[in-house]
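Please read it alongside the sequence and the structure shown here.

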Amino acid sequence: MDIEQRQTEIIDHFVKQAEVMEAASLSALVLEATSHPSLFAFSEILSSPNVHKLEGTRYSSSRDLLRLFAYGTWNDYRSNAGCLPALLPDQVRKLKQLTVLTLAETNKVLPYDQLMQEIDVSNVRELEDFLINECMYVGIVRGKLDQLRRCFEVQFAAGRDLRPGQLNNMIQTLANWVCTSDNLLQTIQEKIKWADAMSEAYKKHRKEIEDRAEDVKKSLKLTRPTWTHEGMKRCTLKLEG
């Protein structure tokens, strides 16, 4: 079972549970979801009506925590730790994994120094162990560790939840891509037409040359003298005399 199918099943499980739970139980559900080792998308749980009802209650910090795991990073948590519940080790690991995914969204070459700062690790060995054991082995990223250049080259990264407003940007990006593709296709079609026209012109020119060559051959045959037996005999006698 691939990671996307597995995630879909886990999300459905938590969404169905959220639909029948009240505030206190939802707080425990958020803790379970954000600690789950195979779950990396949270916006569907966050959009549950019962989760929305946590706003303004003494459990509102659980909704804020869920929003952080949907859209935020480890540095976001450190900046707002005073307003959020303390994280368990599994949650810390999950948020750092999500931070790597966020960085991989926009950059395919991630410097070690940037990664160490963003996920708060103190040395290269610890960073590489995290990338191998907690990211690549889990299947959320694929890439190459370049110790010489001190960077991680990203070949694949699982997508995170779309942040508010990000969907419009993505739609615009796709629209621009479609427009560029249409222009490129039109250019290619024009090049094909030009190539076809040039091919036809070449064939026509070659046919004209071949026809002229054939006409020249016919003309030479018509103008070349014909030697009869008597003529050749007279010519021979003349030469002997």
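A salt bridge is taken here as a side-chain nitrogen of Lys or Arg within 4 Å of a carboxyl oxygen of Asp or Glu. The model is predicted, so local features require pLDDT of at least 70 and side-chain atom pairs count only at pLDDT 80 or more, while totals for chains, interfaces and linings use all residues. Residues are numbered from 1 along each chain as its sequence is written, and side-chain values use heavy atoms, with hydrogens and water left out.

**Overall architecture**

- The chain contains eleven helices and three strands, where helices (H or I, at least four residues) and strands (E, at least two) are DSSP runs numbered from the N terminus.
- Read from the N terminus, the order of elements is α-α-α-α-α-α-α-β-α-α-β-β-α-α.
- Of the 241 residues in the chain, 31% are buried; buried means under 20% relative accessible area, exposed means over 50%, and partly exposed lies in between (1.4 Å probe, protein chains only).
- Contact means heavy atoms within 4.5 Å. Among contacts between residues at least 6 apart in sequence, 57% join residues at least 24 apart.

**The sheet**

- The three strands form an open sheet in the order E1-E3-E2, with antiparallel pairing; two strands pair if DSSP finds at least two bridges between them.
- Strand E1 (109–111) and E2 are the edge strands, each pairing on one side only.
- Direction ignored, neighbouring strands of the sheet are turned by 30° against each other on average. Axes are lines fitted to C-alpha atoms, for helices over the stretch in contact, and angles run from 0 to 180 degrees between N-to-C directions.
- E2 and E3 run antiparallel and are joined by six bridges, with Gly-143 standing opposite Val-154 in E3.
- E1 and E3 also run antiparallel, joined by three bridges; Pro-111 has Cys-151 in E3 as its bridge partner.
- The hairpin of E2 and E3 has four residues between the strands, and Arg-150 in its turn has a positive phi of about 55°.

**Helices against the sheet and each other**

- H7 lies across E1, E2 and E3 and runs at about 85° to E3.
- H8 also packs on the sheet, where H8 touches E1, E2 and E3, and its direction makes about 70° with that of E1.
- H7 and H9 pack at an angle of about 95°, with their axes 11 Å apart. H7 is therefore roughly perpendicular to H9, given that 65 to 115 degrees counts as roughly perpendicular, under 35 as roughly parallel, over 145 as roughly antiparallel and the rest as oblique.
- In this contact, Arg-93, Lys-96, Gln-97 and Val-100 of H7 meet Phe-130, Leu-131, Glu-134 and Cys-135 of H9.
- By class, the contact of H7 with H9 comprises four nonpolar, one polar and three charged residues. Ala, Val, Leu, Ile, Met, Phe, Trp, Tyr, Cys and Pro count as nonpolar, Asp, Glu, Lys and Arg as charged, and the others, Gly among them, as polar.

**Salt bridges**

- Side chains of opposite charge can pair when their charged atoms come close.
- By the rule given above, the count is eleven salt bridges.
- Glu-134 and Arg-93 form a salt bridge of 3.7 Å, N to O. This pair links distant parts of the chain, with Glu-134 in helix H9 (residues 124–136) and Arg-93 in helix H7 (residues 89–106), 41 residues apart.
- Both partners are partly exposed: Glu-134 has a relative accessible area of 24%, and Arg-93 has 27%.
- Arg-150 and Asp-113 form a salt bridge of 2.8 Å, N to O. Arg-150 lies in the loop between strand E2 (141–146) and strand E3 (151–157), while Asp-113 lies in helix H8 (residues 112–119), 37 residues apart.
- Arg-150 is partly exposed at 36% relative accessible area, and Asp-113 is partly exposed at 49%.
- Salt bridges that share partners join Asp-90, Arg-93 and Glu-134 into one network.

**A buried arginine**

- Arg-63 lies in helix H5 (residues 60–71) and counts as buried at 9% relative accessibility.
- Leaving aside residues up to four places away in sequence, Arg-63 touches Leu-46, Val-51, His-52, Leu-54 and Glu-55.
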